[in-house]
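I opened my notebook to look up a few places in this model. My notes follow in the order I made them.

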Amino acid sequence: MLFSSIPFLYYFLPLVLAVYFLTPARFRNAVLLLASLIFYAWGEPKYVLLMLASILSGYGFGLLQERYRGQKGAKLFCGLSVAVSLSFLLYFKYADFFLENFNAATGLGVPLLHIALPIGISFYTFQIISYTVDVYRQDVKAQRNLIDLATYVALFPQLIAGPIVRYSDIAEQLKGRIHTMGKTAQGIRRFILGLGKKILIANLLGELCSIFRASDDKSVLFFWLYAVAYTLHVYFDFSGYSDMAIGLGKLFGFDFLENFNYPFISKSITEFWR
């Protein structure tokens, strides 16, 4: 389900907002978690189980790290948590890549697995890793409420396309959030700005890129136009989604950190990558 789609804008979001604000504060994380699972299951129902397994893994290892804090066991459990999380990601993302190279190197014909990449697996994997690392560094305490941790990992505004939010940045917000008309207005304004970037700029530039790829008559000027259009398409697509995610976060009381800081005026490749 895309933020810019009719089902999300006209049905899902209004219903979730209504239920969220009608629910007592202590149950609102549960509402967000349920909504997030439905949001994710809309595209890939079977992979919800994979995400839940990842969350349970991070939750368990977080508690174990805190139990053995100051001992060698804490480092071991942190390493195991990162390894388990990355193993899920590597399996789904690179299994066929490794098999292809193995076949090329050995001359064998091991059949490929043709595994579909679960949507958002990179984002929620790194969210879980950020949590376990924060617990290991003693930046935060291990979360004992499974629903609160699952809400952090599965929160639908940033589940599919980010921004990746460190657990330490919103740990307190998971316990309690302040809702004001000012923050709500900021959230709506930010969401509309991102929606405009996505629909009015990124999508139209994407159509231009598609026309270029389908064309058999490509001049030098057309190549330059494609290069500029593709660069701006990628930027406005990600920037628009980030704006919408930050705006949605404010509607539900969360303050996500900015993650786009004028990348095209960077002074170096390193700064641009950051």
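Which residues does Asn29 touch, not counting residues up to four places away in sequence? I found Ile147, Asp148, Thr151, Leu174 and Arg177; contact means heavy atoms within 4.5 Å.

Before going on, I noted that this is a predicted model, where local features need pLDDT of at least 70, side-chain atom pairs count only at pLDDT 80 or more, and totals for chains, interfaces and linings use all residues. Residues are numbered from 1 along each chain as its sequence is written, and side-chain values use heavy atoms, with hydrogens and water left out.

**Asn29.** I placed Asn29 in helix α2. Helices are DSSP runs (H or I, at least four residues), numbered from the N terminus. Asn29 counts as buried because its relative accessible area is 7%; buried means under 20%, exposed over 50%, and partly exposed in between (1.4 Å probe, protein chains only). I also checked Tyr152: its C-alpha atom is 9.0 Å from that of Asn29, though 123 residues separate the two along the chain.

**Helix α6.** I saw that seven of the nine residues of α6 are buried. Among them are Asp148, Thr151 and Tyr152. The buried residues of α6 pack against α2, α3 (48–67), α5 and α7. At the N-terminal end, Asn145 is the cap: one of its side-chain oxygens lies 3.0 Å from the backbone nitrogen of Ile147.

**Helix α7.** I looked up residues 167–175 next. Tyr167, Ile170, Ala171, Gln173 and Leu174 are the buried residues here. They pack against α2 (28–41), α5 (121–136) and α6 (146–154).

**Tyr94.** I finished in helix α4 (residues 72–106), which holds Tyr94. Tyr94 is partly exposed because its relative accessibility is 32%.

Notes:
Helices (H or I, at least four residues) and strands (E, at least two) are DSSP runs, numbered from the N terminus. A polar contact is a pair of N or O atoms within 3.5 Å; within protein, one must be able to donate a hydrogen and the other to accept it, and residues adjacent in sequence count only if both atoms are side-chain atoms.
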